[in-house]
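Colleague: Could you take me through this model and tell me what stands behind the labels you use?

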Amino acid sequence: MVLHVNGTPHTLFLDHRTTVLDALREHLGLTGAKKGCDHGQCGACTVLVDGRRANSCLLLAVAQDGRRLTTVEGLADGEGLHPLQEAFVARDALQCGYCTPGQICSAVGVLTEAADGFPSHVTPYTAPSGGPVELTDDEIRERMSGNLCRCGAYPRIVEAVGDIDRAAATAGAKGAS
């Protein structure tokens, strides 16, 4: 089977019961995604699969043959951090750091989902269908609720995600003028 991880194809011969999380950590040496609960409840193992966020502890690696996986290690552009990584550092949105890789991958997914018009539980019913969803603090909290942080860095995480959303909106507005 071939897993495309962070833009690189990897041919792996794995037991059919191997999860994506275990393949990443134990077979590819990518330890950003963490094994927290191993039941899909904490979000520490969140990665992007074809651009959408997923709990890697719940995915069988053999079922991801040919799909594009992105881990926190693959978000950076060379030596430069991804804007969300920079925002987390600037906002001090981490303490112990254990959940941070999953939080950042999830936040990348949140930004994409909102830009693509996917509503959440708190999206107003009056929001235009199919258009971008405004990422208010309530939207960010709801969308990030699957990622737990024992240190309680939630307010700073919401601020960091909001910073990137506002920066993207400002850049889009400047590009449209």
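Colleague: What makes the contact between D22 and K35 a salt bridge?

Modeller: The term asks for a side-chain nitrogen of Lys or Arg within 4 Å of a carboxyl oxygen of Asp or Glu. In D22 and K35 the closest N and O atoms are 2.8 Å apart, so the pair meets the cut-off of 4 Å. Please keep in mind that this is a predicted model, where local features need pLDDT of at least 70, side-chain atom pairs count only at pLDDT 80 or more, and totals for chains, interfaces and linings use all residues. Residues are numbered from 1 along each chain as its sequence is written, and side-chain values use heavy atoms, with hydrogens and water left out.

Colleague: Which parts does the pair of D22 and K35 tie together?

Modeller: D22 lies in helix α1 (residues 20-27) and K35 in the loop between α1 and β3 (46-49), so parts 13 residues apart in sequence are tied together. Helices (H or I, at least four residues) and strands (E, at least two) are DSSP runs, numbered from the N terminus.

Colleague: Why is D22 called buried?

Modeller: Buried means under 20% relative accessible area, exposed over 50%, and partly exposed in between, with a 1.4 Å probe and protein chains only. D22 has 16% relative accessibility, so it counts as buried. K35, at 32%, counts as partly exposed.

Colleague: How do you know that D38 and K35 form a salt bridge?

Modeller: Their side chains meet at 3.9 Å, N to O, and the rule says within 4 Å, so the label applies. D38 has 36% relative accessibility and counts as partly exposed.

Colleague: What about R91 and D163: which parts does that pair tie together?

Modeller: This salt bridge has an N to O distance of 2.7 Å. R91 is in the loop between α2 (83-90) and α3 (100-115), while D163 is in helix α5 (residues 154-176), so the pair ties together parts 72 residues apart in sequence. Both residues also belong to a network of salt bridges that links R91, R156, E159, D163 and R166. By the salt-bridge rule the count comes to 14.

Colleague: Why do you say that β2 and β4 stand at the edges of the sheet?

Modeller: Two strands pair if DSSP finds at least two bridges between them. The open sheet of 5 strands has the order β2-β1-β5-β3-β4, with mixed pairing. β2 (8-11) and β4 (52-55) each have a single partner strand, so one side of each is left without a neighbour in the sheet.

Colleague: How do you know that β3 and β5 pair?

Modeller: 2 bridges join β3 to β5 (residues 68-70), and the two run antiparallel. With at least two bridges required, the pair therefore qualifies.
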